[in-house]
Amino acid sequence: MITASIFSNDKDKLIIPPLSTFYDKVAQPMAWTILRLAVGGMLVIEGLPKIMAPFAQVGFVEKLGFYPGWLWSPTLAVMQVLGGLLIALGLFTRPAALANGVMLAITLYFHMANPYGDAFLTQAGIDALKAGSDFFTPQAMARLADSGHVFLHQVQSKAELASLFWTGGAFLFAAFGGGYLSLDQLLFKKQF
């Protein structure tokens with residue numbers, strides 16, 4: 001099934017030439033397939049709650065400028081789940097990855113343009129926290145001691161970095177296709 005490497009492993013250009021066959025036949029197919037499963041699987045996992053509540057994202061998509069939200073919210077859910085399955089299987093990989101890459105790039109833009117802010121608590125909340133209120137667990141007290149500033153910045157950073165990683169992964173498959181062990185290659189004997 002594996003006929004050609006996506007990346008060249010010319011023996012003459014490797015420090016350890018005998019590894020060329022290992023890279024071509026084992027390492028690259030395994031790494032490419034695992035990454036494709038991770039990108040597609042993440043999209044499915046993130047999309048399943050949206051399928052269960054297809055209109056839950058109406059306000060979000062309209063805030064991004066996609067009207068009518070009642071149309072785009074379920075479209076987003078289907079695109080994530082169906083596109084994620086197609087990417088994971090390596091079937092129609094390039095178009096599915098391109099559509100989801102664009103969606104993920106918009107998500108990345110949203111996270112960068114709409115940060116979570118600098119604080120969870122107002123001064124009254126900080127005073128209640130310091131007074132030992134029963135409203136807060138010990139973990140919440142530790143996280144919110146600075147009004148949640150550090151925690152919110154960690155969440156913001158994680159949202160941006162995760163979006164950047166998944167956007168890059170989707171665009172990688174849009175550019176190179178499903179590659180090794182993909183249904184595109186198995187069914188069509190070529191890349192889509």
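These legends walk through several views of one predicted protein model.

**A note before you look.** Residues are numbered from 1 along each chain as its sequence is written, and side-chain values use heavy atoms, with hydrogens and water left out. Because this is a predicted model, local features need pLDDT of at least 70 and side-chain atom pairs count only at pLDDT 80 or more, while totals for chains, interfaces and linings use all residues.

View 1. Along the sequence the pattern reads α-α-α-α-α-α-α-α. Here helices (H or I, at least four residues) and strands (E, at least two) are DSSP runs, numbered from the N terminus. The radius of gyration is 22 Å, well over the 16 Å that the globule rule gives for 192 residues, so the protein is more spread out than a compact globule. That radius is taken over C-alpha atoms, and the rule is 2.2 Å times the number of residues to the power 0.38. Along the principal axes, the C-alpha atoms fill a box of roughly 70 × 45 × 25 Å. Buried residues account for 35% of the 192 residues; buried means under 20% relative accessible area, exposed over 50%, and partly exposed in between (1.4 Å probe, protein chains only). The accessible surface comes to about 11300 Å², and 71% of it belongs to carbon and sulfur atoms. Such areas come from the Shrake-Rupley method with a 1.4 Å probe, and for residues only the protein chains shown count as cover.

**View 2. Phe22, Val26, Met30 and Ile34 form a nonpolar patch on the surface.** Together these residues have about 370 Å² of accessible area. Patches are made of residues with over 30% relative accessible area and no salt bridge, where like charges are joined within 9 Å and nonpolar side chains (Val, Leu, Ile, Met, Phe, Trp, Tyr) within 5 Å. A salt bridge is a side-chain nitrogen of Lys or Arg within 4 Å of a carboxyl oxygen of Asp or Glu. Met30 sits in helix 1 (residues 19-52) and, at 47% relative accessibility, counts as partly exposed.

**View 3. Leu48 is another residue of helix 1.** With a relative accessible area of 41%, Leu48 is partly exposed. Follow the chain to Thr21, 27 residues apart from Leu48, and the two C-alpha atoms are separated by 40 Å.

**View 4. Gln80 is a buried residue in helix 3.** Its relative accessible area is 4%. Leaving out residues up to four places away in sequence, Gln80 touches Leu43, Val44, Glu46, Gly47, Lys50, Asn100 and Met103. Contact means heavy atoms within 4.5 Å. Across the protein, 69% of the contacts between residues at least 6 apart in sequence join residues at least 24 apart.

View 5. Phe92 is partly exposed at 34% relative accessible area, and Phe188 is partly exposed at 37%. Phe165 and Trp166 form an edge-to-face pair, 4.8 Å centre to centre with 80° between the planes. Ring pairs also link Trp32, Phe173 and Phe176 into a cluster. Rings of Phe, Tyr and Trp (its six-membered ring) pair if their centres lie within 6.5 Å; planes under 30 degrees apart count as stacked, over 60 as edge-to-face and the rest as tilted.

**View 6. Now for some backbone details in the loops.** Most residues other than glycine have a negative phi, and most peptide bonds are trans. The peptide bond from Tyr67 to Pro68 is cis, with omega near -5°, and Pro68 lies in the loop between helix 2 (58-63) and helix 3. Phe92 has a positive phi, near 50°. Leu181, in the loop between helix 7 (149-176) and helix 8, also has a positive phi, of about 55°. Leu181 is partly exposed, with a relative accessible area of 40%.

**View 7. Lys190 lies in the segment after helix 8.** Lys190 counts as exposed at 58% relative accessibility. Apart from neighbours within four places in sequence, Lys190 is in contact with Asp184 and Gln185. The C-alpha atoms of Lys190 and Ser147, 43 residues apart along the chain, are separated by 55 Å.
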